[in-house]
Amino acid sequence: MMWLAPFALLVTSLVHPSSQQDGNTTAPFPNATYPNATSPNPAAAVNASFSPPYYPAPWGTGAGEWASAYAKAQAFVSQLTLTEKVNLTTGVGWEGERCVGQNGAIPRLGFRSMCLQDSPVGVRDTDYNSVFPAGVNVAATFDRGLAYARGQAMGSEHQMKGSDVQLGPVAGPLGRAPEGGRNWEGFSPDPVLTGIQFAQTVQGIQSAGVIACGKHYIGNEQEHFRQSTEAAGYGYNISDAVSANIDDVTMHELYLWPFADAVRAGVASIMCSYNQVNNSYACQNSHMLNYLLKGELDYQGFVVTDWQGQHSGVGSALAGLDMTMPGDTLFNSGQSYWGANLTVAVLNGTVPQWRLDDMCIRIIAAWYYVGRDNASIPINFDAWTTDTYGYQHFFAKEGYTLINEHVDVRQEHADLIRQIGSASTVLLKNTNNALPLTGKEKFTAVFGDDAGDNPYGPNGCPDRGCDNGTLGMAWGSGSANFPYLVTPETAIQNEILSNNGVFQSITNNFAGMQIQQLASQASVAIVFVNADSGEGYITVDGNEGDRNNLTLWDGGDVLIQNVSAICNNTIVVIHSTGPLLLGNYSTNPNITAILWAGIPGEQSGNSIADVLYGRVNPGAKLPFTLAGAREDYGTDLLYIPNNGKGAPQIAFTEGVFIDYRALDRANVTPIYEFGYGLSYTTFSYSNLQVKTVLGMNGTYTPTTGSTPPAPTYGTVSNNTADYQFPSNLTYVPYYIYPYLNSTTLSTAANSSDYGDNSDVPLNSQNSSSQPLLPASGAPGGNPELYDVLYEVTATITNTGSIAGEEVPQLYISLGGPYDPNIVLRNFERLSIQPGMSATFTADITRRDLSNWDTVAQNWAISSYTKTIYVGSSSRKLPLSATLS
Ligand code: NOJ
């Protein structure tokens, strides 16, 4: 086939990058009725609707554990031609290859295109895979080991399917607003709990030889308006995506915190988010990428866009982006901000060679860092169809071949999934030991659509975009296809029938008469209810990703009321993506037990049966607050654009005061507090000891010095004839290539003023050595931040008669007038036999005791008195001590 120029070059993105970068993405705000995002803390009182520029993009140095991966990457990248380098950075276009994202291959060196595949709960868009419990459940376990094991199991499934990059885990959204549609993909609104489980998951995934992708960086706290194109589909006419306006203190002490943990844990890729941060798109925001991530956190891996999250070519390259996915500007446009445009940009000097080389080094180093050179196997699935035969290039319908080998990658993971499901089930209420059940109850009745099957099958709604049947998985790209879904109805029925008991169920929430009849016969009534949410491209029951409210779905409240009005032994089980309002259930005497089971994955029914029937003694704790009223959370989503046709503006005026910190500050009592959860046994806390390790007087040395100059690898020929479409290659329509369509650069760029270097951001092309930031020094930030200053121990005794698990939690009051009352800093899940004691041991690091100092641009320990607390929840803290 003759190759005809398939892409018009996007000239504005090439030559006028600065107008699309920091602080200037949107027009001045015509309706400036919203406040600037000043935190309650006046030290942070900066205008957080503007993002200051920071250039040049830091080049990776192989810091920390990365030295050997960097050495290998340097050897590899040194051999590459310009177009081969560009291929590494640019996706081939939406549905151009078999994975949800793939970059260009380097056939000459036998380097196949990398497969980037969702999701944070397993391998998306395939078959014979497992569906793991969601991140929010992993948070509820408060168990580092389970987080790691799940990561490793998911990583191994990706590995066996031929995926190179698992697009997860998630720490953005963090969970600023409880209605946030994708909060469940992440862990918890507490940054320490999230940071620990995020890092454990990263290490688990990468231990399986797969690159983890920490996402979405950063401020992606709601689905509404995350993309202007998506918003247009909902009838909102906005020029640009929503801007999360976050001050410097809040950024460091809350939203960046878990990303620092992941970088320290070696995360090898990070996905920048759709939204703007302080009015600059996250994927071209030089402050977020160059300054914070690559400068301060010394991140050595690569930054990949969220899908269609790129908004400029040169601009994003200079602002620190390393890979664009899926590669086309808009799905199937056949055009790219990079691809051939990046080839031109390097040839005309707007993007320096060192910057392109750094992108490639970061990508290839990530590949070596996790051991892809030993682990990689051919891709054996296709994200776009489960048919066995089909097109290699799905959208272009080219290359008919075997595309799905249906490899069963599940191994023994069902056991782990079942275990995490029960280990993440929080026992909220248990009057007079209503639980555990014996299975010998005379008449067991189960109620609720949430107990049963989806009549369309477990995968009947694309990307789980409906709320039919039990909620084992929420909706969006964070989902995966079920191999099966064990419903609570099935598992409980099996339990009862094995005891020759009586079991009946009603899964129609609105069958009022029948429900009353059955409830009147039951000796125990188990009511299953749920609340769902997901990603913004799907609307379920009027919820555009984010939830519209915090109430139960499908008439869940009426169902609970109908059953509990009649049966005085009503047990409520909740599956939900996050917090919800519980009305008077905690005090209603006919409701004898309440459990929150989250989003448990494929083994849902078995996991809940294990807890209900006492095979597992619950030990999970709430990873968020269950407040009495929506307003108690002190934050809300933006549902209606507030800036005319400009980018909607969300001022994060609550600062660090989200979830329990908000209720504590306002002195509002929740129904069930963060960290709360009962057991079938009881525990007592005693003997708090604080050992000074380095103490607070030890030194903290700001990092000084400078980087080496930017290295380059190999040489770039200026001969444009070298970059024409190769005669031996078959052109695939819509595919994104790095090749030029003319030997004359101005023609290839399709622009009269191509190569205008005058308005690239100041310093962005500078390759000379650069000063190091005081808070930097190693991946994760200044290494002394992680020095242990104190070690805390306490004795936890099982005072009941059965073995159980308890999660002692360490909170700290930093003592300042603008600090939260307390912040979680550590925890440990302990298994304790009846009558026995175990020792809780927790380190307190320098970071744990510090605040972010906006002037010094560094962490500092304030002179306020620091008090530590140890207990079983954020409001049950029997032990305390003051740090000297
Ligand atoms: C968009 C989602 O925001 C992201 O999480 C996902 O990985 C990509 N789509 C690819 O499906």
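Me: How do the residues of the lining of the second largest cavity divide into nonpolar, polar and charged?

Reply: First, some ground rules: this is a predicted model, where local features need pLDDT of at least 70, side-chain atom pairs count only at pLDDT 80 or more, and totals for chains, interfaces and linings use all residues. Residues are numbered from 1 along each chain as its sequence is written, and side-chain values use heavy atoms, with hydrogens and water left out. Ala, Val, Leu, Ile, Met, Phe, Trp, Tyr, Cys and Pro count as nonpolar, Asp, Glu, Lys and Arg as charged, and the others, Gly among them, as polar. For the lining of the second largest cavity, that gives eight nonpolar, three polar and two charged.

Me: Which residues lie nearest the centre of the second largest cavity?

Reply: On a 1 Å grid over the protein atoms alone, a cavity is a set of points where a 1.4 Å probe fits but cannot get out, while a pocket is an open set with protein on both sides within 12 Å along at least five of seven lines. Lining residues have an atom within 4 Å of a point. The second largest cavity has 13 of them, and nearest its centre are A260, E296, L297, G780 and W859.

Me: How much space lies in the largest cavity?

Reply: Grid points are joined across faces, edges and corners, and a volume is the space filled by probe spheres set on the points. There are 12 cavities of 30 Å³ or more. In the largest cavity, the space comes to about 100 Å³.

Me: Which element gives the most to the lining of the largest pocket?

Reply: This pocket has a volume of about 610 Å³, and 32 residues line it. Helices (H or I, at least four residues) and strands (E, at least two) are DSSP runs, numbered from the N terminus. Two elements give two or more residues to the lining, β10 (389-393) and α3 (82-89). The top giver, with four residues, is α3.

Me: Between which domains does the second largest pocket lie, and why?

Reply: The second largest pocket has a volume of about 530 Å³, and R144, I196, D261, R264 and R847 are the closest to its centre. Domain bounds come from an automatic or database domain assignment. Two domains both give residues to the lining, so the pocket lies between them: domain 1 (53-406 + 728-748) and domain 3 (684-702 + 787-882).
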